[in-house]
Amino acid sequence: MEASSSRSRSQGGGLTSKRRSGGGGGGGYGLTGQSLNDDTLRSIFSRLDDHFDLAHCSAVCQSWNTIINTAHLMRDLYYKRNPQARGSSSTISVKSYFEALAMNEHASTLARGSAEVHQWIGHDIRATLCRMKSGSVLTGMGDKVLRLWSAESCKYMNEYNVPNSKMLVDFDFDENKIVGLTSSQVCIWKRSGPRSIFQSRGDTFNHGLCMSYADPEVVIGCEDGRAFVYDMYSRSCSSIHRLHPSPVTCLAITDDQLIVGGSTFGNVAIADQTSGQRLGLLKSAFAPTVIRCLSFSANSHLIFAGSSSGYAHCWDLRTLRPLWETRVSPNVIYSAHHLPGDTSTLVVGGIDGVLRLICQRTGDTIRSFIMDAGYPAQSSSRLQAEQKNVRPAESGPRQQVEKKRVHEIAPDARLDNIPMHLRPPIAGLSVGMKKIVTTHGENYIRVWKFRS
């Protein structure tokens with residue numbers, strides 16, 4: 001029997017790193033990466049002129065990674081591409097340069113790459129909201145359970161149960177904890193621990209509608225137009241801000257401690273969390289309309305919003321003036337989001353079920369997508385039957401991930417000609433690196449994966 005071998009190929013150098021098989025057959029190593037000494041490999045790697053090729057090589061094995069790092073080849077390639085940066089303190093750092101490379105790759109892939117959908121049934125009843133951060137996806141708000149998934153493999157990771165008498169209205173998470181909002185309480189779960197119910201020590205809120213979380217604080221928008229800021233460690237209310245005379249529909253927190261809140265009157269209020277002053281009111285030329293979602297770009301200081309009239313809005317936070325307002329959909333936009341750090345692409349979705357990529361600078365539609373197939377073959381009732389005698393905390397839901405093709409449609413396509421089952425409403429979406437997760441008010445979850 002011929003001995004088997006495992007191979008890893010670098011895109012830039014074309015070298016092969018081969019390990020000796022443990023099977024029967026003789027044969028030693030041929031001309032492989034492991035047969036070359038470090039100086040030879042270093043010389044080969046130094047001839048690569050693309051950062052991504054160099055990064056792929058560094059991921060082949062530990063020895064290649066060590067050679068590339070100790071020789072500072074990434075840094076040298078950066079200076080080769082940017083000779084004016086050598087010895088200068090005014091230009092961007094190497095770290096910033098690579099972050100910009102990653103953002104450019106993300107934007108380019110979304111704008112011109114191919115896509116496919118990975119879809120699976122993730123909840124017994126429905127999922128209306130989703131969040132994606134650091135390769136993880138959190139979904140829920142239908143069956144009183146939040147579930148955590150891997151964005152890459154779509155595998156179940158963990159779940160978090162909501163108090164029996166409560167219903168979540170919003171949630172968010174980071175690498176350490178999950179924060180959920182009910183109408184009158186905040187629930188906090190450690191990613192690897194039990195839940196704790198947030199019992200406030202000062203002013204309490206009622207009829208909470210939305211939240212924005214930036215550790216260590218959570219801001220809660222309420223039906224009476226106020227925003228409550230709570231410190232999650234002292235469990236006390238640090239400030240209360242009157243944002244609107246109408247309900248606060250959505251919230252965002254900026255890096256400068258500003259609170260941004262949308263309203264049912266079509267306005268967006270800006271309040272200084274430190275001084276308590278309301279700094280301004282962003283208005284739409286197409287009011288009355290309900291602001292349904294907000295997304296803030298720290299890099300460009302822009303505020304994006306989606307509204308009930310199908311408009312996507314953009315304001316400059318520095319001037320408090322609108323940059324553009326474009327009607328991208330004939331119906332409600334439920335969710336708008338962009339990858340933090342990306343200044344090119346905004347993703348919006350709503351009741352018409354079309355996933356749209358919008359240019360952040362102009363408001364023009366870059367691309368529009370629907371999925372080529374309808375609902376998953378496995379039904380909700382079948383999933384419930386499978387899970388009836390299974391403890392979710394031990395094994396989680398049984399999954400069957402389906403891969404579906406994506407159909408790109410023209411920006412001016414007649415949606416009436418596209419069946420509704422091919423474009424179910426997008427209730428929530430979140431953007432990660434070359435990925436978009438969507439929930440549709442049903443029991444399935446979709447991850448749209450883009451390839452360059």
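Colleague: Are W120 and W149 buried or exposed?

Modeller: W120 is buried, and W149 is buried as well. Buried means under 20% relative accessible area, exposed means over 50%, and partly exposed lies in between, with a 1.4 Å probe and protein chains only.

Colleague: What sort of model is this, and what goes into the values?

Modeller: The model is predicted, so local features need pLDDT of at least 70 and side-chain atom pairs count only at pLDDT 80 or more, while totals for chains, interfaces and linings use all residues. Residues are numbered from 1 along each chain as its sequence is written, and side-chain values use heavy atoms, with hydrogens and water left out.

Colleague: OK, aromatics. What counts as a pair, and how many are there?

Modeller: Rings of Phe, Tyr and Trp (its six-membered ring) pair if their centres lie within 6.5 Å; planes under 30 degrees apart are stacked, over 60 edge-to-face, and the rest tilted. That rule gives ten aromatic pairs. One of them is W120 with W149, an edge-to-face pair at 5.4 Å centre to centre with 65° between the planes.

Colleague: Where do W120 and W149 sit in the chain?

Modeller: W120 is in strand β3 (residues 114-121) and W149 in strand β6 (residues 145-150), so the pair links distant parts of the chain, 29 residues apart. Helices (H or I, at least four residues) and strands (E, at least two) are DSSP runs, numbered from the N terminus.

Colleague: And F304 with W324, why is that pair tilted?

Modeller: The ring centres of F304 and W324 are 6.3 Å apart and their planes are at 35°, so the pair is tilted. F304 belongs to strand β21 (residues 302-307) and W324 to strand β23 (residues 321-327), so the pair ties together parts 20 residues apart in sequence. F304 and W324 are both buried.

Colleague: Which rings have R131 and K133 over them?

Modeller: R131 lies over the face of F171, 5.9 Å from the ring centre. K133 lies over the face of F173, at 5.9 Å from that ring centre. A charge sits over a ring if NZ of Lys or CZ of Arg is within 6 Å of the ring centre and within 35 degrees of the ring normal.

Colleague: Switching to α3. Which residues are buried there?

Modeller: W64, I67 and I68 are buried in α3. They cover an arc of only 95° around the axis, which puts them on the same side of α3. The arc is that of the directions from the helix axis to the C-beta atoms. The face turned away from the buried side carries the exposed residues Q62 and T70.

Colleague: What does I68 touch?

Modeller: Leaving out residues up to four places away in sequence, I68 touches F45, L54, C57, S58 and L73, contact meaning heavy atoms within 4.5 Å. I68 has 1% relative accessibility.

Colleague: Last topic, the backbone. Where is the cis peptide bond?

Modeller: The bond from D215 to P216 is cis, with omega near 15°. P216 is in the loop between β12 (208-214) and β13 (217-222).

Colleague: What is phi at C154 and at H301?

Modeller: C154 has phi near 65° and is in the loop between β6 and β7 (156-161). H301 has a positive phi of about 60° and lies in the loop between β20 (291-297) and β21.
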